[in-house]
Amino acid sequence: MWPPATSATVSGGTSFTILRPAAATTGDLLAIAVTEQSAGITVTAPAGWTRVGFGQTTAGALRQVVFVKPYSTGDATSWTFTLSASTKASAVLLAIGGVSTATPPADAFASAANDTTNQSSTATPALTLSSSRSGIVVL
């Protein structure tokens, strides 16, 4: 079953607001991937979100940053992310159940996507699943 998700886009703006997936429940790990197409743009997340990955294409023409946050009852129903300059951007927010929110899988995100150099390809990290009920989410 696919995890609950929402999406948002901005075309020539400096912020976007994304809604919480309606089916998110306490204990889910929220993961958002923001993709923008201007070199040198910084994406700033609201309080409570942790950046766990970053990657860009050759010449920095297309960049993606990933943030995570444990979801708790009473959290906001939407979040506004800001961009350091006007650009086009899109985002997808997933609510992933069954993941440790105390120790999110930042090491897996980081090893694949914290390269700030220009890349025409990215190496896929080696992952070992801990049980037959484990899964991999690619953003």
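This report walks through the aromatic pairs, salt bridges, nonpolar cores and confidence of a predicted model.

## Getting started

Residues are numbered from 1 along each chain as its sequence is written, and side-chain values use heavy atoms, with hydrogens and water left out. As this is a predicted model, local features need pLDDT of at least 70 and side-chain atom pairs count only at pLDDT 80 or more, while totals for chains, interfaces and linings use all residues.

The score named here, pLDDT, is the predictor's confidence in each residue, from 0 to 100. Its average over the protein is 78, and 68% of the residues score at least 70. Strands are DSSP runs (E, at least two residues), numbered from the N terminus.

## Rings that meet

A pair of aromatic rings is described by the distance of the centres and the angle of the planes. Here, rings of Phe, Tyr and Trp (its six-membered ring) pair if their centres lie within 6.5 Å; planes under 30 degrees apart count as stacked, over 60 as edge-to-face and the rest as tilted. How many aromatic pairs does the structure hold? There are 4 aromatic pairs.

One of them is stacked: Phe-16 and Phe-81 sit 5.5 Å centre to centre, with 5° between the planes. Phe-16 belongs to strand S1 (residues 5-19) and Phe-81 to strand S6 (residues 78-96), so this pair ties together parts that are 65 residues apart in sequence. Phe-16 and Phe-81 are both buried, a word that stands for under 20% relative accessible area, with exposed meaning over 50% and partly exposed in between (1.4 Å probe, protein chains only).

Another pair joins Trp-49 and Trp-79, whose ring centres are 5.3 Å apart with planes at 85°, so this one is edge-to-face. It also links distant parts of the chain, 30 residues apart: Trp-49 is in the loop between strand S3 (43-44) and strand S4 (50-56), and Trp-79 is in strand S6. Trp-49 counts as buried at 9% relative accessibility, and Trp-79 is buried at 7%. Ring pairs join Phe-16, Trp-49, Phe-67, Trp-79 and Phe-81 into a cluster.

## Charged partners

Side chains of opposite charge can pair when their charged atoms come close. A salt bridge is counted when a side-chain nitrogen of Lys or Arg is within 4 Å of a carboxyl oxygen of Asp or Glu, and by this rule there are 2 salt bridges. The table lists them.

| Residues | Distance, N to O |
|---|---|
| Arg-63 and Glu-36 | 2.7 Å |
| Asp-75 and Lys-69 | 2.7 Å |

Where do Arg-63 and Glu-36 lie? Arg-63 is in strand S5 and Glu-36 in strand S2 (residues 29-36), so their pair ties together parts that are 27 residues apart in sequence. Arg-63 is buried, with a relative accessible area of 12%, and Glu-36 is buried at 3%.

Lys-69 is part of strand S5 (residues 63-70). Leaving out residues up to four places away in sequence, Lys-69 touches several residues, among them Asp-28, Gly-48, Trp-49 and Trp-79.

## The nonpolar cores

A nonpolar core is a set of buried Ala, Val, Leu, Ile, Met, Phe, Trp, Tyr and Cys residues joined through side-chain atoms within 4.5 Å. The largest has 22 residues, of which Phe-16, Ile-18, Leu-30, Ile-32, Trp-49 and Phe-81 touch the most other members. The elements giving two or more residues to this core are S1, S2, S5 and S6. With 7 residues, S6 gives the most.

Ile-32 shows what such a position is like: beyond its neighbours within four places in sequence, its contacts include Phe-16, Ile-18, Trp-49, Val-65, Phe-81 and Leu-93. There is also a second, separate core of 8 residues, including Ala-31, Val-66, Val-68 and Ile-96.

## Where to be careful

Over residues 106-114, pLDDT stays under 50, and the model has 19 contacts beyond four places in sequence for them. Where pLDDT is low, the predicted coordinates should not be read in detail.

How values were computed. Helix = DSSP H or I, 4+ residues; strand = E, 2+ residues; numbered from the N terminus. Contact = heavy atoms within 4.5 Å.
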